Amino acid sequence: MALCLGIFVIWVGVSMFLQLDPVIGDEQLSEDYFILPKEMEDIASGAETKDMKCVFPFTYKGIKFFSCTSRDSIFLWCSLSADYTGRWKYCTKTDYAKCVFPFIYGNKSYQTCTKTGSVTKRSWCSLSPNFDEDRAWKYC
């Protein structure tokens, strides 16, 4: 039973990952071309990738994302347009969403990271101009 469950989980994971059509910029990749995130790091750091910037927030399948996501994939990725149109890339260290300043939290404007409201007392920031509406954040 455990073996069958394991095979099913692997099949579901692979099926979800294969739903995305891999592209680099406007170039459609062949089905046998696969880029691991480590390899993508080197490609994404060059001058030739200036147009390959993650767009935040982006909408994918009706959901708004303010940072890289693993939705329908086993690796973190982002859209290259505000409304996902099939153009995407794997996220590298430089692709993750940046803090947005100023931002609104609790009807108050913040110009820097804050510990206000943090259960762990770690500084955090909003990934959108209005945290009260979007609830998108990250640790600083």
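This is a predicted model: local features need pLDDT of at least 70, side-chain atom pairs count only at pLDDT 80 or more; totals for chains, interfaces and linings use all residues.
**Exercise 1.** Find out which parts of the chain the disulfide of Cys-54 and Cys-78 ties together, and which hand it has.

*Solution.* Start with the sulfurs: Cys-54 and Cys-78 are joined, S to S 1.9 Å. Next, look at the torsion about that S-S bond: it's about -65°, so the disulfide is left-handed. Now place the ends: Cys-54 sits in the loop between helix H2 (37-44) and strand S3 (58-60), while Cys-78 is in strand S5, so the link ties together parts 24 residues apart in sequence. Finally, check accessibility: both Cys-54 and Cys-78 are buried.

**Exercise 2.** Work out whether Cys-99 and Cys-125 are buried or partly exposed.

*Solution.* These two cysteines form a disulfide, with sulfur atoms 1.9 Å apart. Buried means under 20% relative accessible area. Cys-99 comes in at 25%, so call it partly exposed. Cys-125 has 0%, so that one is buried.

**Exercise 3.** Where is Ser-73, and what does its side chain lie 3.0 Å from?

*Solution.* Ser-73 is in the loop between strands S4 (63-65) and S5 (77-79). With 9% relative accessibility, Ser-73 counts as buried. A polar atom of the Ser-73 side chain lies 3.0 Å from the backbone oxygen of Phe-75.

Key. Residues are numbered from 1 along each chain as its sequence is written. Side-chain values use heavy atoms; hydrogens and water are left out. Helices (H or I, at least four residues) and strands (E, at least two) are DSSP runs, numbered from the N terminus. Buried means under 20% relative accessible area, exposed over 50%, partly exposed in between (1.4 Å probe, protein chains only). A polar contact is a pair of N or O atoms within 3.5 Å; within protein, one must be able to donate a hydrogen and the other to accept it, and residues adjacent in sequence count only if both atoms are side-chain atoms. A disulfide is a pair of cysteine sulfur atoms within 2.5 Å.
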